[in-house]
Amino acid sequence: MSFSSRWAAISQGLSEFYAGPYRRTFARSRRDEDDHFMLVVLAESLGVPDPAAYYTAELLPAVYEDFHDWHQRAGLERSPLDHISCC
Amino acid sequence: MSGLVAATAERHAIFVGGKGGVGKTSVASSLALAHAQHGSRVLVVSTDPAHNLGHLWEQRVGDDAVTLWSGSAGRVDGIEIDPSRTVDTHLASVSQTMTRLLPDHLHRAARDHLESARDAPGTHEAAVLERVAETLEIGLDRYDRVIFDTAPSGHTLHLLAMPDKMTGWTEKLLANRDRSERFAVAYGALGGTKDTSDRDAELRRLLLRRRARFSLMRDSLADPQRTGFVIVTVAEPMPIAESREVARQLAELGVALVGVVANRLSPVDLMPTRRVREDAQLERLDLGAPLTRIPLIDELVGLPSLDRIAASLT
Amino acid sequence: MDSVLLLVVGLAIFAAGYLVYSRYLGKRVLKLDPAFRTPAHEKNDGVDHVPTNKFVLWGHHFTSVAGAAPIVGPAVAVIWGWLPAFLWVTIGTVFFAGMHDLGALWASERNKGRSIGALAARYIGKRGSYVFLLVIGLLLLMVIAAFAVVIKDLLIASPSTVIPAWGAIPVAILVGIAVYKLRWNLTVVTVIGVVALYALIWVGDRFPVVLPESILGMSPATFWIVVLFVYAGIASLLPVWLLLQPRDYINGVQLFVGLAILFVGTLVAGLFFGNGFVAPAINTAVPEGTPSIWPLLFVTVACGAISGFHGAVASGTTSKQLDKEPDARFVGYFGAVGEGLLALGAIIATTAGISTVARWEEIYAAFNNGGVNAFVEGGGNIIEMGLGLPQSLSATVLATMAVLFAATTMDTGVRLLRFVFQEASEVIGFKMNNIVGTLVTLVLCMALVFSQGIDGSGGLTIWPLFGTTNQLLASLTLIIVSIMLIRKRRNYFVALIPLVLVFVAAFWAAIVQIGTFWNGGQDTNWLLLALDVIIIIATIWVGAEGITAMRRAAAEPPEHDDADLTDHVTGRVPMVK
């Protein structure tokens, strides 16, 4: 490996070393906010009466792709909704 | 022009409300007719689930506008809103977006999922509000005035409070999005590569659009230049007590009260004692808006009856 | 004997351990497979499960486990002379800590990155996870209390540390805000933060802060302790990205710089100036009241020889970031070696760095004396000898390093202990909110500190108990590793032998300490006594359940070779009843 590419690798490694945990903290905080949002959107279909279900319904398509990861994180091995079988 | 017609002449949107059975539909319709006779184009919208508009005008009225009366310059069109149609349209459009984004085998599942929203507690009201907003928009485009024949008091007050509440609700969700996006930016600044900016932009767009609709509604409802409320009552203790309560809540909501109509007053020659009692009741009633008296009319149905009432309003 | 020679021998032992023993463990016992899909790749969610380069991961793992413990422990243990401590640290790291850390990492990443608690539930039984919760809770309680005392001692003995140690907090907050709100360039922020920290060290050296005899009605010691806990409570409630994380971020730099200075200083001092030991190899004239080497040496030095806490970290975060299974050798085993190096540095600093024999005997006049202050003093001397940096500045650098080390453990510890209480209260059936949880944590920890005298003057009486609990946790982890090895019909002695030794030492030490705390009724330290009893009960339970579980594992048919893969696919986790 040439000197400059080795230097680049070390540099990259160092910044990853420092930034890594800090970055993950932000990713975690962000995920918490997103999980809360998902809960609000899905409330009615999870059995929690939601008077704003009419409005949250239109948000559903945008959050859909995160649904699988969300329910796994929430500790539900399989999809909690009988009719959505993502896994 | 005088009387209630004059009082409501400046407003574009008028809500006619009151206890069940006091004659809201007849007052709303007559008011519309009176304005039309003066040359305005008026749209009457019934939000009461127990629609009486068609019966009163002796015509078939539905979710689409139907001309009820037409004169040299003015006219009256009528709508009996069908909230379930609104719900259908709304869910269908969401469903379409979902099927566009999802693989085939999940289409039916997605539609089933949306069904749960149909029966949710606030859906009917949300649909009514949607339709009110819509008809107001068309109304102010193609008509000079929109008069709403509303559901009995409680429901209507709740409906009028919704835009403000929902603005707050949307703002909380937008705050959540703000925080999430800010974290995403910090994450990216530290070298993160996961990019959800499309999804974030879409959610934000949807929420902003919703908030705009709600805050627009809220502002126009609270705008005394544009919106007015007419309370219809009969001269009996309970309806009067309820009218006082309605007036108080309207003041809290910031909706302007422009008139009170005492309907179905007993004929003085046939029931003098009763009439005296009624007058006494009305004497004590002061809600801060001009009072209009309308006598009891036998067999109130059809255009001629409406004409008679219209005359009292002018 | 020259300290450099000891350093070289130590390094040679560590090298042999890593190159030979860990290779054997990796290839024959654990069978680390480069084709195995680690949890980092299975989930890969960009948050906790991120495949990470092994050097970077080592760095994270090391900085997470490295605390003041590998310094404090050896700094106290050299009272028995440098040789016992040296032997326990080197041999312990090679055969015990290395095996334990590598094993814990392997056990976790083979089980979808689950923590030791979850693994205890799987392999020992549901009660296993409750005991884990109890032990971790006690461990955190004690480490928080112990480190509060350590920091207090440092702040008083090295007043030049006061400004940089507390100044590090606003520096961290400013870094946090700069990254989150102002979105400044990261490199710029880092450089500014590090420069600020070193500037504070220089300022602190110029302006040492000595508190008056009585401040707000408290002695300086009491005052520092109270302030420390108030700070820890607030820090644990703030969002992690605002204070704790930027603190770790900036700390990391000065950790490595401090270590580098120390080791280079030692090398140079030894090579060029000849740095002999002032402490005896084996101290035959131990001060009165010093307990015997067995079993206390083995619990006084935990981190640096074997520490259960490492397993918790390995299974808590590190296992979820492992890129390829064979990386575990470098990350886990070599991580333990890093701790061992730090401990070795502490031994040398406290035995060869102190200026005279008389001074050494003065410091080590009683058991549990010495500690970090000896390290700072000795280390400062060595660096001055080796690198020419003035003693007070070098001492400030080391003292600040130690304080920040201990402080980050403290505030993270308070946060984690709050989680433990919240989890425990849920098991019992009620919900504890953050404020209440933090208050409970602080009150308990402070009670523990003040139970040894209102100014914490009982000092590190708690240290051996902390070591005992740490070894108990290590035993639990080794039981799990042994069970896994038994199920796979591999050579389980590599885990069993350390397990037996550590378990017996911990148990024995716990019993011996009853005598220390009891004191015939008047002087009895009730709180520590109660904790000791709880630990003895937990130890007996762990021993009994461990033996049962291991025998059960031996009696059951062996696991299929691809059992871990199958579990991954079906997601089924066969639970022990």
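Start in chain C and select C:Tyr18, C:Phe55, C:Trp58, C:Phe62, C:Phe330, C:Tyr333 and C:Phe334: together they make up one aromatic cluster. Rings of Phe, Tyr and Trp (its six-membered ring) pair here if their centres lie within 6.5 Å; planes under 30 degrees apart count as stacked, over 60 as edge-to-face and the rest as tilted. (A charge sits over a ring if NZ of Lys or CZ of Arg is within 6 Å of the ring centre and within 35 degrees of the ring normal.)

A quick word on what you're looking at: this is a predicted model, where local features need pLDDT of at least 70 and side-chain atom pairs count only at pLDDT 80 or more, while totals for chains, interfaces and linings use all residues. Residues are numbered from 1 along each chain as its sequence is written, chains are lettered from A and ligands numbered from 1 in the order in which they are written, and side-chain values use heavy atoms, with hydrogens and water left out.

Over all chains there are 30 aromatic pairs. Pick A:Tyr55 and B:Trp169, a tilted pair at 6.3 Å centre to centre with 50° between the planes. A:Tyr55 belongs to helix 2 of chain A and B:Trp169 to helix 7 of chain B, so this pair joins two chains.

Next, select B:Phe15 and B:Phe148: their ring centres are 4.6 Å apart and their planes at 10°, so they count as stacked. B:Phe15 is in strand 1 of chain B and B:Phe148 in strand 5, 133 residues apart. Both are buried.

For another contact between a charge and a ring, show B:Arg177 with A:Phe37: the charged end of B:Arg177 sits over that ring, 4.5 Å from its centre.

Last stop: strand 3 (residues 66-70) and strand 4 (residues 75-80) of chain B, which run antiparallel and are joined by four bridges. Strands pair if DSSP finds at least two bridges between them. The two strands form a hairpin with four residues between them, and B:Ser70 has B:Arg75 as its bridge partner.

Notes
Buried < 20%, exposed > 50% of the residue type's maximum accessible area, 1.4 Å probe, protein only.
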